[in-house]
Amino acid sequence: MPSHRSEFHVPPDPSGRYAEAAYFAGNSLGLQPRVIRERLHSELDDWARLGVEGHTEGTRPWVSYHELLREPAARLVGALPREVVVMNSLTVNLHLMMISFYRPTAERHAIVIEDSAFPSDSYAVRSQAAFHGYDPDEAVIRLRPRDGEAALRTEDIAEFLGTHGDRVALVLLGAVNYYSGEFLDIPAVTAAGRAAGAVVGWDLAHAAGNVPLRLHDWDVDWAAWCSYKYLNSGPGSLAGAFVHERHLADRSLPKLAGWWSTDPATRFRMDPVVTPVDSADSWQLSNPPILSMAAVLASLEMFDAVGLDALRDRSIRLTGYLETLLDQLCAGREVELLTPRDPQRRGAQLSVRIGGLRASEVSQWLRAEHGVFADARNPDVIRLAPAPMYNTFHDCWRAATALASVMDDHG
Ligand SMILES: *Cc1c(COP(=O)(O)O)cnc(C)c1O
C-alpha cells in the first residue's frame with residue numbers, strides 16, 4: 001500500500017525546513033481528508049436547496065443517513081452490520097453501554113480498568129459506580145503493570161480475573177492504551193473476563209482505524225470508539241458503538257430511549273411507546289448531526305478502499321522503522337521506549353520517556369524548530385504516531401533526527 005498523503009491536508013511546516021509538517025499527532029486528531037469539504041458542501045447544498053425536505057429528498061436522505069455507515073463501520077471493527085451504530089461521542093457511548101451492561105450487585109459490583117486509563121474513562125466508571133450507590137474508591141479496580149514494566153501482561157490480567165473475578169461486574173479496558181501504546185490481546189482478555197462471569201467492554205479510541213479488529217468473533221460484549229483520531233473524521237466528530245449479537249434481542253437490558261431508538265417503520269406514527277428493534281440502532285436516542293456523519297462516512301469509505309490488512313501491513317513497517325531510527329539516532333541520549341517492541345502488541349504509536357527535559361517543551365521545540373508534531377504527556381513522555389494513511393518513512397526520519405537534535409540543543 002502506498003501512502004495516501006496527497007488525499008489529506010497536511011499542515012505547513014512551522015520551522016520552514018520543509019513545505020509540510022511531519023505530523024505524528026494523528027492519535028489525538030487525525031488530519032483532514034481533502035474529500036470531506038466537498039461532502040460537507042453537498043449536505044449544506046441539500047439543506048439550502050431543500051430545507052426540511054432534505055430528510056427524504058436529499059442526495060443521501062438524512063432520515064436514514066446513519067444506515068449508510070452501518071456496513072463500513074461493521075467492516076472496520078469486525079462486526080455484523082446490525083451490531084454497530086455511529087452516534088454521540090465516545091464518553092457518552094461508554095455511559096450508554098454501561099447503563100445496559102454494568103449491572104452491579106452487592107457481591108459483584110467491581111469495575112476493572114487499567115491504571116493508565118484515559119481520564120475520561122476513569123471518571124466515567126467512577127461516576128457509574130457512584131450512580132449505583134457504591135464507593136468508587138472501592139468499586140473501581142485499577143490494573144498496574146509489574147514493577148519496572150510499562151505494559152500490562154495478558155497472563156497477569158487473566159490471573160487477576162481468575163482469582164478475583166467473582167466480584168467483577170465489568171471489565172473496561174483500552175484496546176490500545178492511549179499512554180503506553182500497548183495493544184492488548186482482546187480475545188484472551190475477553191475470554192478470561194467472561195469466564196469469570198463479568199461483562200467485557202472495550203474502549204477502541206486508539207484501536208479503531210489503527211489495528212484490525214474481530215469484535216464479533218472475539219465474543220466481545222460491547223465496545224465504543226471515537227472517530228477523530230485514526231479515523232480522521234474531524235474534531236469532536238461522531239463516535240461508534242458495538243453490541244454483540246447475543247445481546248441485541250435481550251429485552252431485560254436497561255436502556256435509555258429516544259425517538260431514534262424505535263423501529264424506523266413506526267417512528268413517525270409518534271407512538272407513546274418504543275417499538276424495539278433488535279440491533280445496535282436501538283441504543284440511539286436522537287436524530288444524528290448529518291454534517292458530522294458526512295465526514296465519518298467519507299472517512300470510512302477511505303478505510304474501505306485501502307483495507308485494514310494493507311493498512312496494518314504498512315503500519316507495522318512504518319512503526320518498526322521509526323523504532324529502529326529512534327534506537328540508532330537517539331542512542332546515548334536519555335530516550336526510553338515505553339511501548340512494547342513486539343509489533344503484534346502495539347499499533348501505530350511509540351511512546352518514549354525522555355530524561356532531563358519537560359515533555360511539553362520538547363514537543364514545542366520539535367514543532368517550532370523541526371516541523372514535527374508530537375504529543376506531550378507531562379512530565380516526561382512524548383507520543384509519536386506514524387499514521388499509515390498519511391505518514392511516510394521520511395516523516396519517521398524527520399521525527400527521530402529532530403528528537404536527537406532537540407535533546408542535544410536543549411539538554
Ligand atoms: C480520546 C479518548 C477519549 C475521548 O473521549 P470523548 O468523549 O471523545 O471526548 C476517551 N477515552 C479514550 C481512551 C480516549 O483515547
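This is a predicted model: local features need pLDDT of at least 70, side-chain atom pairs count only at pLDDT 80 or more; totals for chains, interfaces and linings use all residues.
Residues are numbered from 1 along each chain as its sequence is written, and side-chain values use heavy atoms, with hydrogens and water left out.

Let us start with the ligand. Around the ligand you will find Leu-90, Thr-91, Phe-118, Asp-121, Asp-203, Ala-205, His-206, Tyr-228 and Lys-229, where a residue is near a molecule if one of its heavy atoms lies within 4 Å of it. By class, this shell has 4 nonpolar, 2 polar and 3 charged residues; here Ala, Val, Leu, Ile, Met, Phe, Trp, Tyr, Cys and Pro count as nonpolar, Asp, Glu, Lys and Arg as charged, and the others, Gly among them, as polar.

Some of these neighbours make polar contacts, pairs of N or O atoms within 3.5 Å. The side chain of Asp-121 places an N or O atom 2.6 Å from a nitrogen atom of the ligand. For Asp-203, a polar side-chain atom is 3.2 Å from a ligand nitrogen atom. His-206 has a side-chain N or O atom 3.0 Å from an oxygen atom of the ligand. On its own, the ligand has 390 Å² of accessible area, and the protein covers 83% of it (areas by the Shrake-Rupley method with a 1.4 Å probe).

Now for the empty spaces. Rolling a probe the size of a water molecule over the atoms shows where empty space is left. The search runs on a 1 Å grid over the protein atoms alone: a cavity is a set of points where a 1.4 Å probe fits but cannot get out, a pocket is an open set with protein on both sides within 12 Å along at least five of seven lines, and lining residues have an atom within 4 Å of a point. Grid points are joined across faces, edges and corners, and a volume is the space filled by probe spheres set on the points.

At least two lining residues come from each of β3 (32–33), α1 (35–50) and α10 (290–306); helices (H or I, at least four residues) and strands (E, at least two) are DSSP runs, numbered from the N terminus. By class, the pocket lining has 10 nonpolar, 7 polar and 1 charged.

Across the whole structure there are 6 cavities of 30 Å³ or more. The largest cavity has about 80 Å³ of space. Of its 13 lining residues, Ser-116, Leu-152, Asn-177, Ser-180 and Glu-182 lie nearest the centre. Its lining divides into 6 nonpolar, 4 polar and 3 charged residues.

The lining of the second largest cavity has 9 nonpolar, 4 polar and no charged residues.

Most residues other than glycine have a negative phi, and most peptide bonds are trans. The peptide bond from Asn-378 to Pro-379 is cis, with omega near 10°, and Pro-379 sits in the loop between β14 (375–377) and β15 (381–384). Asn-88 has a positive phi, near 55°, and belongs to the loop between β4 (84–87) and α4 (90–101).

How values were computed:
A polar contact is a pair of N or O atoms within 3.5 Å; within protein, one must be able to donate a hydrogen and the other to accept it, and residues adjacent in sequence count only if both atoms are side-chain atoms.
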